[in-house]
Amino acid sequence: MNTPSERDILHYIGGADDASLFQRADTVRRSVFGDEVYLRGIVEFSNVCNKNCQYCGLRAHNRKLKRYRMTPDEIVSATDVVAREGLGTVVLQSGDDFSYSARTIGDIISRIKDRHDIAVTLSLGDRGLDEYAYWRDCGADRALLKLETGHVKLYERLRCGESFQERLHRIEGLKRLGYEVGSGIIVGLPDTDILTTVRDMVLLSHLELDMIAIGPFVPSPATPLAFNPAGDVELSLRVSAIMRILCPQANIPATSALDALLPGGRQTGLLRGCNVVMPSLTPEHLRSDYAIYPGKNMTEHNAVLKLNTVKESIARMGLVPSQSKGSSPRRHYVDQSAPRRPSGDYACRTAQCG
Ligand code: SF4
């Protein structure tokens, strides 16, 4: 399968030949992952955030949102459900909530790894690389840190002054620590166009990521972007498909934002190059409060019933809901000599993080 040229990308992204693009993406996905769809159970353990991203319903200035924090015991119990239901990965996700100390998060990771043979993914935002180093020693396998856009000025405006370069530095640091690293973008953010999107795709492909998440922009009511139009789902699906061809070995989730705008959107994604689904297994009484955007988490089913629905829909497509950890097949440098268990104070590896 030849790598698409810039001319191919521009041709495809404009929708000139969707049938060919989606067929190519599906063929590449099948050649790398076969029929397996990796399932990652997300435990959204805190919706408290100290940041104010303009697109996100969890932003600190959203006073209407009922905030919650799960205790370490509750987080470990929720992870027990993930393991019991046969999922190979748990994603621990929160806003940028620094009230959980590095030691607390490390203890949670160690307890999970002691109880279950599952991969642990961290989606905790802009924590220090010294903390991520400690969590890696505690057994964390993967980290997600989304860019949302590669347009530096837009990033810094939408994320209210956060530094784009620091985010990139953190992503590179996570790779050096031996994490499988994921990032991603939102397609159709205000003040973006096709050229912005193409540049985002080039940036993502250069980052050599293990996971790439693409989702359309979904306006959230309690944010400054509430009255902007939603992103184009078809464009988002095209971007995922092109990323599949550009980065054949990356895990690419069919994101919940697709479902939020198009019923059945995630299934469509699985037919167009995506190979991962990430259902929320956050306890039901909290799940709807993890309100990044409307429709992020369906609430009408309990977590296990909802998960079974997801598995059945995957099976109906002729695909296999996989119980494996679904580690990245991409060859990336991991310092195998690095200690995997806590060896002292969490700051002990700070000097390695540069
Ligand atoms: Fe917080 Fe992340 Fe939402 Fe920004 S995108 S407000 S950092 S939860």
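**Terms and values**

Analyst: By class, 5 nonpolar, 1 polar and 4 charged residues form the shell around the ligand. This is a predicted model, where local features need pLDDT of at least 70, side-chain atom pairs count only at pLDDT 80 or more, and totals for chains, interfaces and linings use all residues. Residues are numbered from 1 along each chain as its sequence is written, and side-chain values use heavy atoms, with hydrogens and water left out.

User: What makes a residue nonpolar, charged or polar here?

Analyst: Ala, Val, Leu, Ile, Met, Phe, Trp, Tyr, Cys and Pro count as nonpolar, Asp, Glu, Lys and Arg as charged, and the others, Gly among them, as polar.

User: Which residues surround the ligand?

Analyst: Among them are Cys-49, Lys-51, Tyr-55, Gly-95 and Arg-159. A residue is near a molecule if one of its heavy atoms lies within 4 Å of it.

User: Why are H4 and H5 called roughly parallel?

Analyst: Helix H4 (residues 102–115) and helix H5 (residues 129–138) pack at about 20 degrees. Angles run from 0 to 180 degrees between N-to-C directions, with axes fitted to C-alpha atoms over the stretch in contact. Angles under 35 degrees count as roughly parallel, so H4 and H5 are roughly parallel to each other. Helices are DSSP runs (H or I, at least four residues), numbered from the N terminus.

User: Which residues of H5 does H4 meet?

Analyst: Residues of H4, including Ile-105 and Ile-109, meet Glu-131, Tyr-134, Trp-135 and Cys-138 in H5; contact means heavy atoms within 4.5 Å. By class, this contact has 6 nonpolar, 2 polar and 3 charged residues.

How values were computed. Helix = DSSP H or I, 4+ residues; strand = E, 2+ residues; numbered from the N terminus. Parallel < 35°, antiparallel > 145°, perpendicular 65-115°, else oblique.
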